[in-house]
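Take a look at the model, and then we can walk through it together.

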Amino acid sequence: MRIIAHIAATGLLLAIAGAGAESRPPGPAGRYRLTGEQDVASELLIKPDGRFSYALIAGALDEKAEGRWRREGDSIFLTTEPKPVPPAFSAGAATHTDSAPLTVKVVWPDGRGVAGADLRVGFAEGDPIEDYTQEDGWSLSSDERRIPIWVEVSLHMFGLPAERFPIDVARANALTFLLTPNDLGTVDFEDMRADLARGRLVLHRGEGRLVYLRVGK
């Protein structure tokens with residue numbers, strides 16, 4: 001009788017433990033895909049070993065990140081590792097041209113032109129001109145009578161702030177700037193918060209929220 005009672009009690013404890021395990025929500029580890037956004041594809045993989053990987057594509061924007069995550073209550077926090085090195089602009093060749101008052105070209109290290117680099121040209125007076133580069137560069141209109149005194153180049157799409165270069169068009173007005181990509185496209189998450197809910201993660205980026213749904217088991 002004692003053996004039967006012991007078996008019955010053990011079975012009851014196991015049943016209670018099993019019921020408790022089933023009632024607990026699953027951990028955050030899993031594969032998640034972005035939902036509710038048009039023309040944007042993104043995936044977030046939360047690994048059981050404390051690592052994560054992230055990817056997002058939106059038009060010409062292509063982002064990625066890898067690193068570690070930690071949990072605090074109903075949220076996880078993502079930190080990119082190793083810390084990415086941001087891209088950098090530097091002044092390149094400067095010559096003279098009669099084709100326009102000013103020409104600007106942004107190039108990769110291999111010499112190819114960069115399309116879509118944000119450009120601002122400033123003058124001693126009045127508002128600056130804002131535009132963006134093509135692969136073959138950018139030219140200031142011959143109708144512009146003001147003399148340019150500085151150029152700013154940036155990549156707003158990737159969060160790269162503008163860098164200003166003073167210029168002297170009397171000495172050189174055909175300017176080239178080098179874009180060294182380094183870890184261009186790698187997002188620098190620093191304890192980026194994602195709130196946990198059943199089957200989804202809500203990632204907080206700046207003023208926005210990205211909702212990811214768990215896929216698969």
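Leaving aside neighbours within four places in sequence, which residues is His-204 in contact with? They are Met-192, Arg-193, Asp-195 and Arg-209, where contact means heavy atoms within 4.5 Å.

Before going further, please keep in mind that this is a predicted model, in which local features need pLDDT of at least 70, side-chain atom pairs count only at pLDDT 80 or more, and totals for chains, interfaces and linings use all residues. Residues are numbered from 1 along each chain as its sequence is written, and side-chain values use heavy atoms, with hydrogens and water left out.

His-204 belongs to strand S15, strands being DSSP runs of E with at least two residues, numbered from the N terminus. The side chains of His-204 and Asp-195 make a polar contact of 2.7 Å (a pair of N or O atoms within 3.5 Å, one able to donate a hydrogen and the other to accept it; residues adjacent in sequence count only if both atoms are side-chain atoms).

Buried means under 20% relative accessible area, exposed over 50%, and partly exposed in between (1.4 Å probe, protein chains only).

| Residue | Relative accessible area | Class |
|---|---|---|
| His-204 | 19% | buried |
| Leu-178 | 27% | partly exposed |

Leu-178 touches Ser-90, among others; their C-alpha atoms are 5.2 Å apart, although 88 residues separate them in sequence.

Strand S15 pairs with S16 in the antiparallel sense over six bridges (pairing needs at least two DSSP bridges), and Leu-203 has Leu-210 in S16 as its bridge partner. Both strands belong to a closed barrel of eight strands, S1-S2-S3-S4-S5-S14-S15-S16, with antiparallel pairing.

Terms used
Helix = DSSP H or I, 4+ residues; strand = E, 2+ residues; numbered from the N terminus.
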